[in-house]
Amino acid sequence: MQRFFPALVGLVIVLAVLSSCMFIVRERDSALLFALGEVRETISSPGLYFKYPPPFENVVYLDRRLQTIQSPDPERIQTAEKKNLLIDYYVKWRITDPRLYYVTFGSNSNAAIERLQAQIRDALNAAVNVRTVRQVVSSERDTLTDEILSAVSKRAAPLGVDVVDVRLRRIDFTTEISESVYRRMEAERKQEANRLRASGAADSERIRAEADRRQQEILARAYAESQARRGAGDGQAAAIYAESYGKDPEFYSFYKSLDAYRSAFSGHDSTLVLSPDSEFFRFWSNAAGGQSGKAR
């Protein structure tokens, strides 16, 4: 055993030296190979690489995956109307130039995040200060984010960073603005309700007037039609009466007298005071023209 101990020690030393001379670059990382404190090479392809053992060469790894910065607290930004908004955002970014990034920030990612947050605040202020609340909230929100993304990307490129996306997650009013906006919205809703109510009343009156007019037109048309039909009926009746009278005037007079008798003696105690020679009693006479009796 004592004979193999030096060999084992030597093997361990060799393995330790070999392990210090090899390094692995993963898919998600970029590696900076330093030679005596200076960057000698930037490696972005994954694989197994060799180097001189420390202190001659050493490796620093940088994460090149897409990373996210979220605003710790909503930023208080003033609009062109001198009204304050609370804006919450997030940013997607990645390291595109590991050498430049390391020269600027070293391996301290917090320093990079703080620098980017400061740039985002500046771009956010510049974009929001020239817009109204309505433009920021609705009409120009996409244009606003595009301007912020363009401004931050230009300022982040010299730092070895690529800003991929900027999104405004939430835009809130401060307390004093929220109350004034609520009051204005309430007034606008009341005004709209009154307008709709007045419009509904006007439509109701118009519909009612139209219905009344149509009713009068229908009644007038029906009355005219009924009068026309009544006139036609009366004309036909008169024609029939005339034709009948022409065929037998005596019978016609007798028939009309019967109608007159029926109308005159409609009750049980009808009393007429007339002269017996009246035309009314002409058909009560006998065939010789004498009177059949006296009327009372």
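1. The model is predicted: local features need pLDDT of at least 70, side-chain atom pairs count only at pLDDT 80 or more, and totals for chains, interfaces and linings use all residues. Numbering starts from 1 along each chain as its sequence is written, and side-chain values use heavy atoms, without hydrogens and water.

2. Start with helix 2 (residues 98-105) and helix 3. Helices are DSSP runs (H or I, at least four residues), numbered from the N terminus. The two axes come within 9 Å and cross at roughly 90 degrees. That makes helix 2 roughly perpendicular to helix 3 (65 to 115 degrees; under 35 is roughly parallel, over 145 roughly antiparallel, the rest oblique). Axes are lines fitted to C-alpha atoms, for helices over the stretch in contact, and angles run from 0 to 180 degrees between N-to-C directions.

3. Tyr101, Thr104 and Phe105 of helix 2 meet Ser109, Ala111, Ala112 and Arg115 of helix 3. Contact means heavy atoms within 4.5 Å. This contact has four nonpolar, two polar and one charged residues. Ala, Val, Leu, Ile, Met, Phe, Trp, Tyr, Cys and Pro count as nonpolar, Asp, Glu, Lys and Arg as charged, and the others, Gly among them, as polar.

4. Now take helix 3 (residues 109-128) with helix 5 (residues 141-156). Their axes come within 9 Å and cross at roughly 140 degrees. Helix 3 is therefore oblique to helix 5. Residues in this contact include Leu116 and Ile120 in helix 3, and Leu144 and Ile148 in helix 5. The contact divides into eleven nonpolar, one polar and three charged residues.

5. Which residues lie nearest the centre of the largest pocket? They are Val133, Arg134, Phe173, Val181 and Arg184, among twelve lining residues. Helix 4 (133-139) and helix 6 (175-247) each give two or more residues to the lining. Helix 6 gives the largest share, five residues. The lining has six nonpolar, one polar and five charged residues.

Terms used: On a 1 Å grid over the protein atoms alone, a cavity is a set of points where a 1.4 Å probe fits but cannot get out, and a pocket is an open set with protein on both sides within 12 Å along at least five of seven lines; lining residues have an atom within 4 Å of a point.
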